[in-house]
Amino acid sequence: MTQKETRPEILQPSAYSLRFMPQRLTRAIDWHGHLSFAAWLVELMEPKSIVELGVFRGDSLSTFSQAVKECKVNCEITGVDTWGGDDTTGRYNEEVYHDLKDFFATNFPSTTLFRGLFDDALSTFEDNSIEILHIDGCHHYEAVKHDFETWLPKLSKDKGVVLFHDISVAIEGFGAKQYWNEIKDSYPSFSFSHSNGLGVLLVGRNQVKALAELTQDAQALDYARAIFELSGSRFHHLAKEKWWRDEANKHAESLSYTTEQLGANLSNMVSEHVANYLNNMDLTASLPTVEAPKSIIKRIADKF
Ligand SMILES: C[S@@+](CC[C@H](N)C(=O)[O-])C[C@H]1O[C@@H](n2cnc3c(N)ncnc32)[C@H](O)[C@@H]1O
């Protein structure tokens, strides 16, 4: 009997996914609502290959990597990005890539970071090999359509699942919603509307039972939506809290620097004034009157 046959059926959403605590929560909060679901998907599918198109600060890629490690799944994970930004994400600086590279080298060294265009990464994958593909690059309609159509042959005909982020976003220039509405009935699918929306398209013909069930059982889907939304929302708040704490620390640091600087400036000014006073004193004349210190104080006070 194989290990798979003895493995108990995973309930949806599983205890593991509800207790999941992401190792990486940056200020890129848009995906945070889906992290518990992503952990569940990895636990459930035990995929052999995960590819993410559009990594940015890496919160979603880190969760896939963490779940693979924690669930002891034998899986190759690749994140593809130019780490330069695009029309819908905006442009950003090199620091984003360096911070991410250090994080993955320390925590998930077996995850591959492919720096380049999605189109350039295509040839490094065999057809029919990817089990989870996450499309989260440029969100123009043409870009989402292009990314799906060019990568579809790479997906496993057996277990392949494609995730589309931002399918709830109704902002000019964002076309993931329109493309999702066009494609979602071509394969069994379901979606979440929170955290900018996530479409789940089951392109493989032989899906695990719990996943296939969500495409057919409205009650089960409603339950999964409520639980994953609730569970994922914690990360949103944790990330915001961390961000505010970091900001507060930064301000506190600059405040103490300013106070020190102020003290140093003040003592320099006093020394300067005393030196000027002594230089200007006519040492041949009589000793300064009692008025002299008062005039120093007045000159210092005038400086403020
Ligand atoms: C929305 S962000 C990804 C967010 C990330 N998945 C998360 O959850 O935080 C989109 C990323 O896709 C990258 N990108 C967009 N189009 C690309 C392309 N054709 N080739 C490579 N990278 C691309 C951008 O550089 C950007 O970092």
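Which residues in H4 are buried? In H4, the buried residues are Asp59, Ser60, Leu61, Ser62, Thr63, Phe64, Ser65, Gln66, Ala67 and Val68. Buried describes a residue with 20 or more other C-beta atoms within 10 Å of its own, exposed one with 12 or fewer, and partly exposed one in between, with C-beta atoms placed from the backbone. The model is predicted: local features need pLDDT of at least 70, side-chain atom pairs count only at pLDDT 80 or more, and totals for chains, interfaces and linings use all residues. Residues are numbered from 1 along each chain as its sequence is written.

**View 1. Helix H4 and what covers it.** Helices (H or I, at least four residues) and strands (E, at least two) are DSSP runs, numbered from the N terminus. Because 10 of the 12 residues of H4 are buried, the helix is largely enclosed by the rest of the structure. Helix H3 (35–45), strand E1 (49–53), E2 and strand E6 (132–135) are included in what covers these buried residues; contact requires C-beta atoms, placed from the backbone, within 7 Å. Just after H4, Lys72 takes a positive phi of about 55°.

**View 2. The shell around the ligand.** Trp31, Gly54, Phe56, Ser60 and Gly137 come nearest of the 21 residues around the ligand. At least two residues of the shell come from each of helix H4 (59–70), strand E2 (76–81) and strand E3 (85–86).

**View 3. Strand E6 between its partners E1 and E7.** Two strands pair if DSSP finds at least two bridges between them. E1 and E6 run parallel and are joined by 4 bridges, with Leu53 opposite Ile135 in E6. E6 is also joined by 4 bridges to strand E7 (residues 161–165), again in parallel, and His134 stands opposite Leu163 in E7. Ile132 and His134 point one way from E6, Leu133 and Ile135 the other way, and all are buried.

**View 4. Arg115 in strand E5.** Strand E5 covers residues 112–115. Arg115 is partly exposed, with 15 other C-beta atoms within 10 Å. Not counting residues up to four places away in sequence, Arg115 touches Asp81, Thr82 and Trp83.

**View 5. Residues 283–290.** Here pLDDT, the predictor's confidence in each residue from 0 to 100, stays under 50. For this stretch the model has 1 contact beyond four places in sequence. The mean pLDDT of the chain is 88, and 87% of its residues reach 70 or more.

Notes: Near = placed C-beta within 6 Å. Contact = placed C-beta atoms within 7 Å.
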